[in-house]
Amino acid sequence: MKTARAPGRKIDRYTVRKWFFGSKDTQGVGKVAAIYGLLICIGFVYLYPLLYMIAKSLMQRADLLDSSVNWIPSTLYIKNYIDAFTSMDFVRTLWQSVVIAGLPTLLNMVMCAIIGYGFARYEFPLKKVMLGILIFSFIIPPQITMMPNYLLYNDLKILDSIKAFLLPSLLGQGIKAQLYILIFFQFFRQIPQALIEAAKIDGCGHFKTFVKIAVPSAAPAILVVFLFSLVWYWNESYLTQLYVCGVMGESYWNTLMVALKGFNDSYSQAGGSVTGEAMGSLNEGIKMAATMLSILPVLLLYFVLQKQFVESVDRTGITGE
């Protein structure tokens, strides 16, 4: 004799598939789990170095030598940051880093916006050839043009000064300026031609149209260029040391990245006091503390402008940078 089956919801293959993969209106559990799992894995790849650096910078030498201490130090050893702060002359070097990275960035924004607007809104002979040269110059590695630029700057008497960064930026030839020109070029092309024609009818000339119409609408592109340029100038150590700070360190100028690059020597000269170590010796904790201090201003800037930056990248259509 068969027993009656209690009435209930029938579970079939379609129901399981909808629950796992979702439908047009809802996302399935499996799809959501896969997305979050992928995001966690990618986030871990980017966050792991930062978390490692923070953990090691707060460890004293005994914790670094103890194999049982991996991530959480026995005590928060702040002296690593104090020693690194003193050795790098942090306040003075930070100010000079802001000047060296900030002024060329501002010039980059202005000049690249003007050049990009010219390419986007005007027709002139050899325009496509110039765009091709612009793209080709972006592909060329900077190591190829390093020595010719060094000789040119030496002839112009602008080596070992911030002029070596300001003059190229003023001429639209700053670090990664080709990329910024292409960003503005692509953005200004999206401005409706009717809007430009309406401005001309109202009596606006070329310059006033650029200032009153193009620049206000290009706020997302300006923010992207500003952050990209600032980070590139901030993180650049080799070209900064070659052109601005001087190969032999004879210039008045210095940056946090250049100071970090020669941190071992600078700490030895400062007379590091790390539990009786030899004068030239340096433990990993102080290195990590110095590295953290050097990237801290950029991290704070990104945290403040994170939302605007993501929205700007989305509006300008930039991917892979």
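Lysine 157 lies in the loop between α7 and α8 (163-170), where helices are DSSP runs of H or I with at least four residues, numbered from the N terminus. This lysine 157 has a positive phi of about 60 degrees although it is not a glycine, and with a relative accessible area of 71% lysine 157 is exposed, a word used for values over 50%, whereas buried means under 20% and partly exposed lies in between (1.4 Å probe, protein chains only). The model is predicted, so that local features need pLDDT of at least 70 and side-chain atom pairs count only at pLDDT 80 or more, while totals for chains, interfaces and linings use all residues. Residues are numbered from 1 along each chain as its sequence is written, and side-chain values use heavy atoms, with hydrogens and water left out.

Leucine 126 is another residue other than glycine with a positive phi, here near 65 degrees. Its place is in the loop between α5 (90-121) and α6 (127-139), and at 58% relative accessibility leucine 126 counts as exposed.

**Helix packing**

Two packed helices are described by the angle between their axes and the distance between the axes. Here the axes are lines fitted to C-alpha atoms over the stretch in contact, and the angles run from 0 to 180 degrees between N-to-C directions.

| Helix pair | Crossing angle | Axis distance |
|---|---|---|
| α7 (residues 142-155) and α13 (residues 238-245) | roughly 15 degrees | within 11 Å |
| α5 and α11 (residues 206-217) | about 95 degrees | 12 Å |
| α5 and α12 (residues 219-235) | roughly 140 degrees | within 9 Å |

Angles under 35 degrees count as roughly parallel, over 145 as roughly antiparallel, 65 to 115 as roughly perpendicular and the rest as oblique. The helices α7 and α13 are therefore roughly parallel to each other, and their contact (heavy atoms within 4.5 Å) is made by Thr145, Met146, Met147, Asn149, Tyr150 and Tyr153 of α7 together with Tyr238, Leu239, Leu242 and Tyr243 of α13. By class, this contact has 8 nonpolar, 2 polar and no charged residues, where Ala, Val, Leu, Ile, Met, Phe, Trp, Tyr, Cys and Pro count as nonpolar, Asp, Glu, Lys and Arg as charged, and the others, Gly among them, as polar.

By contrast, α5 and α11 are roughly perpendicular to each other, with Ala113, Ile114 and Tyr117 of α5 touching Thr209, Phe210 and Ala214 of α11. The contact of α5 with α11 has 5 nonpolar, 1 polar and no charged residues.

The pair α5 and α12 is oblique, and among the residues that meet are Leu94, Val98 and Met109 in α5 and Phe226, Leu230 and Trp234 in α12. The residues of this contact divide into 12 nonpolar, 5 polar and no charged.

**Salt bridges**

Side chains of opposite charge can pair when their charged atoms come close. The structure holds 2 salt bridges, each being a side-chain nitrogen of Lys or Arg within 4 Å of a carboxyl oxygen of Asp or Glu. In one of them, aspartate 83 pairs with lysine 79, the closest N and O atoms being 3.1 Å apart; the two residues are 4 residues apart in helix α4 (residues 79-87) and are separated by about one helical turn. Aspartate 83 is buried at 12% relative accessible area, whereas lysine 79 is partly exposed at 30%.

Glutamate 123 and lysine 127 also meet in a salt bridge, at 3.3 Å from N to O. Glutamate 123 counts as exposed at 70% relative accessibility, while lysine 127 is buried, with a relative accessible area of 12%.
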